[in-house]
Amino acid sequence: MSARGQKVQQARPNKNQLLAMYETMLLIRRVEETLMEVFSAGEIPGFLHVCLGQEAVPAAVAAHLSQDDYIGTTHRGHGHALAKGVDLNLFMAEIYGRANGYCLGRSGSMHLADAGHGVLGANGIVGGGIPITTGAAFACAYKHPGRVAVCFFGEGASSQGAFYESLNMAALWKLPVVYVCENNGWAEFTPQSVHMTVADVAQRARAAGVEAEVVSNDVLAIHQVAGRAIARARSGEGPFLLEVKCNRWHGHFVGDAQKYRGKEAVAQAMSDDCLARFEQELIGAKVLTAKKAKELDQEKREAVAQAVEFARSSPMPQPGDLAEGLYL
Amino acid sequence: MAEIRYILAVGQAMGEEMERDPDVLLLGEDVGAPGGSFGASRGLLERFGSRRVVDTPICEASFLSLAAGAAACGLRPIVEIMFMDFITVCMDGMVNQLAKMRYMFGNQYKLPVVVRTPAGGGLNAGPQHSQCLEAWFAHVPGLKVVMPATPADAKGLLKSAIRDDNPVLVVEHKALHAMKGEVPEGEHLVPIGEARVCRQGGDVTVVTAGRMVHEALAAAAELEAEGIGLEVIDLRSIQPWDKQTVFDSVAKTHRLVVAHEAVKAFGFGAEVAAAVGEELMDELDAPIGRVGAPFMPVPFSLEQAYLPGAVQIAQAARQAAQGGF
Ligand SMILES: Cc1ncc(C[n+]2csc(CCOP(=O)(O)OP(=O)(O)O)c2C)c(N)n1
């Protein structure tokens, strides 16, 4: 139900849409696994944060977006960018810091952006992307009616002032923005209970006058609520916050030994496998066969391996080009 | 040419640019019906409506970043930060986001955001409403920083800033808001990065900006009687700053004083002095003089004893004129 009590019709995903979401999740899974490997092998410097275990969120939300809608994301943003449709080779080249990457090798994993697909950027500042994405929604309302902005962030970011400030403006001005909080229970090495008194980020959103709903890490549940929220936003009914309770399978960054988190807790987190569940559901519903799943998996593995080869063989930026374009 | 007040020139620039380009809009606290805390946007709400003259909640950090996001998606926002002191809550937006979004995303975005903010002392507004923090931002690659000293420049620099595709911080000195001066009507653009030699003189170069330009001119009038000729350079823009004009002048006078209202330590004058020391040492006939506020917050009481002005500039210039190595 929308704010005005009208029901926004939300069609259930058809077979092709279901398969597309499955493929997106599978792609994100294989990309992240591969990145963990090559990062651990020392091929990529810096920090790398993966979203393994959280693949359902980007796949389900982006299924409702078109190329000219905007998304803003975070340090854990590979999945969002991939779901929004960025080119896998250019994505990989950027993560490898190559001159032909999306950002000329200046952003790496943590600040990746692709203007062509409305990816406004990952952000190294927790919460920093929330007002920026709200600004994209402001521009949609002002200049690009019908477009929306989707803002991804974690529950840790919801303690930043920028979170409340942005939601307040979005509610005031009925901006076409959907806030998607991936609540994985951890902010770096600190569990939610240590940094928040409320159980749900949704409660914080409601306090700012933004409607909100909490769902589990289930791709179809996320798809349904996101669809309603995005349709509302497009039609000018204002912002919405969707909170997904999910699990971070691995450490905060690749290489984090997680001494603060017991083995059992990790095993329990990893038992929440949104991809495996969805695969079983699709097979059960005869949308997918085990054979087809294998083929798709092989296809994604090959695409990822090719992207890694592309990145490896791409040129490094030249020192002389480092300052190019700083000012227009 | 009409003689108008500085603050009116600011309003004129915004009105003309909003007329010219529908993507230009204004965001800030009290900018709508009240016309801004200092009156800069008076009349704009009536002309352009609340869609383009947007009263924000009191959340500078987020409406600044919101402007950055809106600019990346095709708008040209002007953001008013009521007092420069309040820009401290926007440091993430200014430094990590706005300044970096073009560079770190590999030149994919334009960030045409103008941040206008009144700065400086003289109103007995106390430690948290009187600061000059321009050097902080001049230190951040990706930002431009201008400091108009006259009503004509207030209009011409602001119009250029609004048309610039880079983020530009426009620092308006509060004590200048009421100042009257000739301002060209209509199209009047002052290029960002070009200094103005506002008085020629052969003995000492004084490099300054903002309110201190007028203090330097007062010092120059005083020293003329003593037979010392000051060449006063109004930088107008401190990032980028017009090295050539400064260097040409120093090559002529061989003596330099830098002056600003911000605390002397680490102010923009230090950068100018260092650049001259680095590249033009041979031309100098005397140590460089530096004028700035003492290293302390701006006090409520005895503000006039704190603020640097013509007296300090004259003193530094005299010393430079008489001194040698
Ligand atoms: C302003 C800021 N503070 C702290 C950090 C360090 N930091 C990086 S990620 C992170 C935790 C974020 O948690 P959450 O928002 O829940 O996202 P998650 O990592 O769980 O995806 C912290 C504290 C930062 N990058 N920026």
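Modeller: Helix α1 (residues 15-40) of chain A and helix α4 (residues 88-95) of chain A have axes that come within 13 Å and cross at roughly 25°. This is a predicted model, where local features need pLDDT of at least 70, side-chain atom pairs count only at pLDDT 80 or more, and totals for chains, interfaces and linings use all residues. Residues are numbered from 1 along each chain as its sequence is written, chains are lettered from A in the order in which they are written, and side-chain values use heavy atoms, with hydrogens and water left out.

Biologist: Why is α1(A) called roughly parallel to α4(A)?

Modeller: Angles under 35 degrees count as roughly parallel, over 145 as roughly antiparallel, 65 to 115 as roughly perpendicular and the rest as oblique. The axes cross at roughly 25°, so α1(A) is roughly parallel to α4(A).

Biologist: Which residues make the contact of α1(A) with α4(A)?

Modeller: Contact means heavy atoms within 4.5 Å. A:L27, A:V31 and A:L35 come from α1(A), and A:L88, A:F91, A:M92 and A:I95 from α4(A).

Biologist: What makes α4(A) oblique to α12(A)?

Modeller: The axes of α4(A) and helix α12 (residues 290-312) of chain A come within 8 Å and cross at roughly 50°. That angle makes α4(A) oblique to α12(A).

Biologist: Which residues of α4(A) meet α12(A)?

Modeller: A:L88, A:N89, A:L90, A:M92 and A:A93 do. Their partners in α12(A) include A:A303, A:V304 and A:Q306.

Biologist: How many disulfides does the structure hold over all chains?

Modeller: The count is 0. A disulfide is a pair of cysteine sulfur atoms within 2.5 Å.

Biologist: Why is A:C51 called buried?

Modeller: Buried means under 20% relative accessible area, exposed over 50%, partly exposed in between (1.4 Å probe, protein chains only). A:C51 has a relative accessible area of 3%, so A:C51 is buried. A:C274 is at 3% relative accessibility, so A:C274 counts as buried too.

Biologist: What makes B:V53 buried?

Modeller: B:V53 is at 1% relative accessibility, so B:V53 counts as buried. B:V53 is found in strand β3 (residues 53-55) of chain B. Not counting residues up to four places away in sequence, B:V53 touches B:M18, B:L26, B:V31, B:G32, B:L44, B:L45 and B:F48.

Conventions: Axes fitted to C-alpha atoms, helices over the stretch in contact; angles between N-to-C directions. Helix = DSSP H or I, 4+ residues; strand = E, 2+ residues; numbered from the N terminus.
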